[in-house]
Amino acid sequence: MSTALDSLLDLLDLERIEQDIFRGTSRSAVVPRVFGGQVAAQALVAAGRTVPAEKSAHSLHAYFLRMGDPGAPIVYTVDRIRDGRSFTTRRVVAVQHGQPIFHLSASFQAYEDGLEHQAAMPPAPDPETLPTAAEMLPRYADRFSDPGMVDRLVEARAAVDLRYVDAPPFGTVGEPREPRSQVWFRTNGKLADDPLLHVCMATYVSDMTLLDSVLLAHGRGGWAVGDVVGASLDHAMWFHRPFRADEWLLYDQESPSASGGRGLGQARIYTQDGRLAITVIQEGVVRVPR
């Protein structure tokens with residue numbers, strides 16, 4: 001297991017300070033604020049720790065309310081909205097400096113059999129044939145005005161092996177493309193056999209690239225390049241089938257719309273053997289600097 005993955009697992013191992021109150025810390029991010037995937041994953045950890053082990057997360061809906069301060073702890077308060085026979089619902093509010101910065105609702109379900117169908121997995125190359133972030137990012141060093149950006153991007157991805165199928169947005173600046181993007185990802189090391197941990201790890205990664213397809217449609221390089229500014233607004237995920245975040249997952253993403261200073265990304269996450277594991281939708285602020 002990599003040191004970076006150990007550090008990320010420590011971040012997700014929240015301190016319990018009361019029965020339904022937890023405290024977490026943050027790690028450095030590419031931009032000087034708390035990474036949205038981190039706060040979403042930590043909030044889901046907090047919710048999951050108040051739910052019986054036989055129930056697994058099947059959906060979450062979240063809003064990013066304020067920019068998080070990476071230098072301050074985050075307190076997560078869990079409300080036990082409902083405990084039913086089949087479903088359990090939790091609401092989590094993340095607070096910093098006395099103000100809510102994030103709100104999450106999550107639902108958990110006891111396993112049951114039911115009707116079964118899924119959308120087919122799209123074609124994608126073998127992830128082992130694609131370059132790692134450490135191999136790919138230095139190729140685009142000239143796209144960033146900040147000479148330290150490549151190192152920060154590599155560090156931000158050190159816990160997760162994330163591989164682009166095609167060039168990322170900052171690789172084709174000024175060249176509008178079809179608003180679709182694919183990446184393969186898995187953690188850089190094995191994880192414990194805890195289903196909640198794998199769901200939370202996928203939640204963490206899901207915020208890394210989902211708005212890339214918005215940028216591709218307009219030939220924009222992204223936040224690291226500086227030709228757009230933005231932030232996540234809301235985020236929703238549905239967990240359909242069991243998966244492991246330490247095994248290859250295909251993140252197939254597209255953007256159906258951008259308007260009003262906002263861009264929408266939607267995606268499906270498949271296991272390497274073709275099972276549809278997760279559906280994700282996110283809207284974010286995407287503005288061109290004036």
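Helices (H or I, at least four residues) and strands (E, at least two) are DSSP runs, numbered from the N terminus. The structure is a predicted model, in which local features need pLDDT of at least 70, side-chain atom pairs count only at pLDDT 80 or more, and totals for chains, interfaces and linings use all residues. Residues are numbered from 1 along each chain as its sequence is written, and side-chain values use heavy atoms, with hydrogens and water left out.

An open sheet is formed by twelve strands, with antiparallel pairing and the order β1-β2-β4-β5-β6-β3-β9-β12-β11-β10-β8-β7. Two strands are taken to pair if DSSP finds at least two bridges between them. Strands of a sheet pair through backbone hydrogen bonds, either parallel or antiparallel. The edges are β1 (15-18) and β7 (160-164), each of which pairs on one side only. On average, neighbouring strands of this sheet are turned by 25° against each other, direction ignored. Such angles run from 0 to 180 degrees between N-to-C directions, and axes are lines fitted to C-alpha atoms, for helices over the stretch in contact.

Helix α2 (residues 36-48) packs on the sheet and touches β2 (21-24), β3 (55-64), β4 (74-83), β5 (87-96) and β6 (99-110); contact here means heavy atoms within 4.5 Å. The direction of α2 makes about 50° with that of β6.

Several strand pairs can be described individually. Strands β1 and β2 run antiparallel and are joined by three bridges, with E18 opposite I21 in β2. The hairpin that joins β1 to β2 passes through two residues. Strand β9 (residues 229-239) is antiparallel to β12, and ten bridges join them; D234 stands opposite E283 in β12. Six bridges join β8 to the antiparallel strand β10 (residues 249-259), where D252 is the bridge partner of Q182. Strand β10 also pairs with β11 (residues 262-271), in the antiparallel sense over nine bridges, and L250 has Y270 in β11 as its bridge partner. The hairpin of β10 and β11 has two residues between the strands, and G260 takes a positive phi near 60° there.

A positive phi also occurs at H97, a residue other than glycine, with a value near 50°. Most residues other than glycine have a negative phi, and most peptide bonds are trans. H97 is placed in the loop between β5 and β6. Its relative accessible area is 62%, so H97 is exposed; buried means under 20% relative accessible area, exposed over 50%, and partly exposed in between (1.4 Å probe, protein chains only).

The axes of helix α1 (residues 3-12) and helix α5 (residues 195-209) come within 12 Å and cross at roughly 105°. Helix α1 is therefore roughly perpendicular to α5, on a scale where angles under 35 degrees count as roughly parallel, over 145 as roughly antiparallel, 65 to 115 as roughly perpendicular and the rest as oblique. The contact involves L5, L8, L9 and L12 of α1 together with L197, M201 and Y204 of α5. By class, this contact has seven nonpolar, no polar and no charged residues (Ala, Val, Leu, Ile, Met, Phe, Trp, Tyr, Cys and Pro count as nonpolar, Asp, Glu, Lys and Arg as charged, and the others, Gly among them, as polar). Of the 15 residues of α5, 13 are buried, so the helix is largely enclosed by the rest of the structure. At the start of α5, a side-chain oxygen of D194 reaches to within 3.1 Å of the backbone nitrogen of L196.

I278, in strand β12 (residues 276-287), is buried with a relative accessible area of 0%. Beyond four places in sequence, the contacts of I278 include A202, M237, W238, F239 and A267. The C-alpha atoms of I278 and A267 are 8.3 Å apart, with eleven residues of separation in sequence.

S213, found in helix α6 (residues 212-217), counts as buried at 0% relative accessibility. A polar atom of the S213 side chain lies 3.4 Å from the backbone oxygen of E254. Residues up to four places away in sequence not counted, S213 touches P179, R180, Q253, E254 and S255.

F170 occupies the loop between β7 and β8 (180-187) and is buried, with a relative accessible area of 8%. Neighbours within four places in sequence aside, F170 is in contact with M136, L137, Y140, R143, F144, G221 and V225. F170 and D212 are 42 residues apart in sequence and 9.5 Å apart in space, C-alpha to C-alpha.

Terms used: A polar contact is a pair of N or O atoms within 3.5 Å; within protein, one must be able to donate a hydrogen and the other to accept it, and residues adjacent in sequence count only if both atoms are side-chain atoms.
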